[in-house]
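Me: Hi! Could you walk me through this structure? I have a few quick questions about how the parts pack.

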Amino acid sequence: MPDFLTQKSNLNNEFLNAQACLNVLSDEEKQELINSKTDIVFEAGEHIVKRGVLANNVLYLTKGLVKLELTNDSTPSTIAILEPHSFIGIVCCFAFKKIDFTATALTKTTVSFIGMDVFERFIKNNGDFALSLIKHMSGISNQLLHRLTGLSKKHIDGALAFILLDFMDIYKADEFELPMSRVELANMLGYSKESVINTLSKFNREKIIKVNGKKIKILDRENLKQICKLG
């Protein structure tokens, strides 16, 4: 059975992740999901789904990293970097007939496309699954609000520190490769490319991090946390 259907779930958890939600399905429903889903591999930089297409599927990220963007006044804003075993844009999927976000692969990525009709049938027939999905979507919405409001209040030093700590947590390592260009990073933070480059250089000079192209090594985690906190 696929690994995204192996984790034990607990509806009393403060936050249910996507993997735990799917594990609330009955054995028969899990098998139906496996039989009906379509797995597609995307290369880095490829659009997984673009704003405006019909919302025919629920998307589940199996492998890789994905950038999720929303567009307001023709300006795209990165609202999340998604890790494996996440739903892609789940809080938007059931709101409109058309997708209201754009998802782009940051690394080589595998996504399971699950028919919306299958998902809606599970919701109608399995109360525990419906409850788990509500709790999951509520938790995701809460995380997005805290992330966006937190970043909006930070100066470039604090915002960049926030993102670097975020990637350190995603990769679970002090050394990693940024899966995006300086321009993409600047767009994500809402600052200019020059500001991002200058701040990375500043952190490098102060030996908080070591920068080599896209390769980042966190040298002083506590200092970086303090910069993020003070913003």
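Predicted model: local features only at pLDDT ≥ 70, side-chain atom pairs only at ≥ 80, totals over all residues.

Me: Which residues of α6 and α8 meet?

Reply: From α6 you have I156, D157, L160, A161 and L164, and from α8 there are S195, V196, T199, L200, K202 and F203. By class, the contact of α6 with α8 splits into 7 nonpolar, 2 polar and 2 charged residues.

Me: How do the axes of α6 and α8 cross?

Reply: They come within 10 Å and cross at roughly 75°. The pair α6 and α8 is therefore roughly perpendicular. For orientation on the sequence, α8 covers residues 193-205.

Me: Now α7. What's its crossing angle with α6?

Reply: Roughly 110°, with the axes of α6 (residues 156-171) and α7 (residues 182-189) coming within 11 Å. So α6 and α7 are roughly perpendicular to each other.

Me: Is the crossing of α6 and α7 left-handed or right-handed?

Reply: The α6 and α7 crossing is right-handed. I156, A159, L160 and I163 make the contact on the α6 side, with L185, M188 and L189 on the α7 side. In that contact of α6 with α7 there are 7 nonpolar residues, and no polar or charged ones.

Me: Switching topic: how many aromatic pairs are there?

Reply: The count comes to 9 aromatic pairs. One of them is F119 with F129, an edge-to-face pair at 5.4 Å centre to centre, with 75° between the planes.

Me: Where do F119 and F129 sit in the chain?

Reply: F119 belongs to helix α4 (residues 116-125) and F129 to helix α5 (residues 127-152). They are 10 residues apart, and the pair links distant parts of the chain.

Me: Why does F119 count as buried?

Reply: Buried means under 20% relative accessible area, and F119 is at 0%, so it counts as buried. F129 is buried as well, with a relative accessible area of 0%.

Me: What about the rings of F122 and F129?

Reply: Their centres are 6.3 Å apart and the planes are at 90°, so F122 and F129 are edge-to-face. F122 is buried, at 1% relative accessible area.

Me: Which residues form the aromatic cluster?

Reply: Y60, F87, F94, F119, F122 and F129 form one aromatic cluster.

Me: Last one, on K67. Buried or exposed?

Reply: K67 counts as buried, because its relative accessibility is 8%. You'll find K67 in strand β4 (residues 66-72).

Me: And what does K67 touch?

Reply: Leaving out residues up to four places away in sequence, K67 touches T78, A80, I81, T102, A103, T104, L106 and E184.

Key:
Residues numbered from 1 in each chain as written. Heavy atoms only, no water. Phe/Tyr/Trp six-rings, centres within 6.5 Å; stacked < 30°, edge-to-face > 60°. Helix = DSSP H or I, 4+ residues; strand = E, 2+ residues; numbered from the N terminus. Buried < 20%, exposed > 50% of the residue type's maximum accessible area, 1.4 Å probe, protein only. Axes fitted to C-alpha atoms, helices over the stretch in contact; angles between N-to-C directions. Parallel < 35°, antiparallel > 145°, perpendicular 65-115°, else oblique. Left-handed = near helix turned anticlockwise from the far one by under 90°. Contact = heavy atoms within 4.5 Å. Nonpolar A, V, L, I, M, F, W, Y, C, P; charged D, E, K, R; others polar.
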